[in-house]
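Thanks for coming. I will take the charged network, then the strands, then the cores, and the structure goes up on the screen now.

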Amino acid sequence: MSLIRSLGTLAAAALLAGTAAAAPVTWSLSGATLDDGSTASGSFTYDAATATYSNWSIHFTAGAQRPAIDYGASAAVNPLSSPLNLVLTLGNVSDYMNLAFASALTDAGGTIALALGQSYDFTTKSWECGNCNNVRNFTGGAVTSTVPEPATLLLVGTLLAGLAAGRRRA
C-alpha cells in the first residue's frame, strides 16, 4: 500500500512540475542603457499562453534627451505589443516606450537581449520618447527571468513527499 501511495505522490509532483512552467513569468530589465546617458530598470509579467502583459513598472533615469519618467500602474499597454515587444503609453499618450526583444518571450524564462538600433520603429527597436520628438534609443540591455525547471520542482516534490512519508512511519 505504501508503494502505491508513494507512486501516487510522485505522479502528483510530476503533474505540478509540468504545469509550473506554464505560469506567467516576471521579466526584469538588466543592464539597460540609453544613448542619452540614462538607464532603465524595472520589471513586467508576461503570460505566453494568453499573450498578456501585466504588473509593469519601468523607470527611466534622467538623461540628455528626456527627464526621469516612470511607466507604472498609470501606463497602458499599446495594442502594437506582441511576444516580440512591449509598448507602454502614459495616460497623456504623449510618452511612449518600447522594449523590443531579440526573440519572442516565452513562459520558459531565461535571458533575452533587447533589440537595439537608432530608430523608434514600434516593433523592432527599443526606445523611449516624448511625443516621439525627443527619442532616446537603448544601447544595451536584456530582460531576464528565472523559472524553476520542472525537474527541479519534481526533485523538491519527491523530497518533501519522502519526508512526509518518513514522519508518518515514525
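Asp36, Arg66, Asp95, Glu128 and Arg136 are linked in a network of salt bridges. A salt bridge here is a side-chain nitrogen of Lys or Arg within 4 Å of a carboxyl oxygen of Asp or Glu. The structure holds four of them.

Before the details, the ground rules. This is a predicted model, in which local features need pLDDT of at least 70, side-chain atom pairs count only at pLDDT 80 or more, and totals for chains, interfaces and linings use all residues. Residues are numbered from 1 along each chain as its sequence is written, and side-chain values use heavy atoms, with hydrogens and water left out.

Arg136 forms a salt bridge with Asp36, and the closest N and O atoms are 3.5 Å apart. This pair links distant parts of the chain: Arg136 is in strand β10, Asp36 is in the loop between β1 and β2, and 100 residues separate them. Strands, for the record, are DSSP runs of E with at least two residues, numbered from the N terminus. Arg136 also meets Glu128 in a salt bridge, side chain to side chain, at 2.8 Å from N to O.

Are these residues buried or exposed? Arg136 has 0% relative accessibility, so it counts as buried. The cut-offs are under 20% relative accessible area for buried, over 50% for exposed, and partly exposed in between, with a 1.4 Å probe and protein chains only. Asp36 is buried at 11%, and Glu128 is buried as well.

Next, Asp95. Asp95 forms a salt bridge with Arg66, with the closest N and O atoms 2.7 Å apart. Here too the pair links distant parts of the chain: Asp95 is in strand β7 and Arg66 is in the loop between β3 and β4, 29 residues apart. Asp95 counts as buried at 10% relative accessibility, and Arg66 does so at 9%.

Asp95 has a further contact to mention. Which residues does Asn131 contact, leaving aside its neighbours within four places in sequence? They are Ser94 and Asp95, where contact means heavy atoms within 4.5 Å. Asn131 and Asp95 are 36 residues apart in sequence and 5.6 Å apart in space, C-alpha to C-alpha. Asn131 is found in the loop between β9 (127-130) and β10. Its relative accessible area is 48%, so Asn131 is partly exposed.

Five of the five residues of β6 are buried. In a regular strand the side chains alternate between the two faces of the sheet. In β6 both faces are covered: Asn85, Val87 and Thr89 are buried on one side, Leu86 and Leu88 on the other.

β6 pairs with β5 (residues 76-77) in the antiparallel sense over two bridges; two strands pair if DSSP finds at least two bridges between them. Thr89 in β6 is the bridge partner of Ala76. β6 and β7 also pair in the antiparallel sense, over five bridges, and the partner of Thr89 in β7 is Tyr96. The hairpin of β6 and β7 has five residues between the strands, and Val93 there takes a positive phi near 55°.

Asn98 is buried, with a relative accessible area of 0%. What does its side chain reach at 2.5 Å? The backbone oxygen of Lys125. Not counting residues up to four places away in sequence, Asn98 touches several others, including Asn85, Val87, Trp127 and Phe138.

Last, the cores. A nonpolar core is a set of buried Ala, Val, Leu, Ile, Met, Phe, Trp, Tyr and Cys residues joined through side-chain atoms within 4.5 Å. The largest has 26 residues, and Phe44, Leu99 and Phe101 have the most contacts inside it. Elements giving two or more residues to this core include β2 (39-47), β6 (85-89) and β10 (134-145). β1 gives the most, with five residues. Apart from this core lies another of five residues, among them Trp127, Cys129, Cys132 and Val135.

Two of those residues, Cys129 and Cys132, are joined by a disulfide, S to S 2.5 Å. With a disulfide taken as a pair of cysteine sulfur atoms within 2.5 Å, the count comes to one. Cys129 counts as buried at 0% relative accessibility, and Cys132 is buried at 15%.

Terms used: Helix = DSSP H or I, 4+ residues; strand = E, 2+ residues; numbered from the N terminus. Polar contact = N/O pair within 3.5 Å; in protein donor to acceptor, adjacent residues only side chain to side chain.
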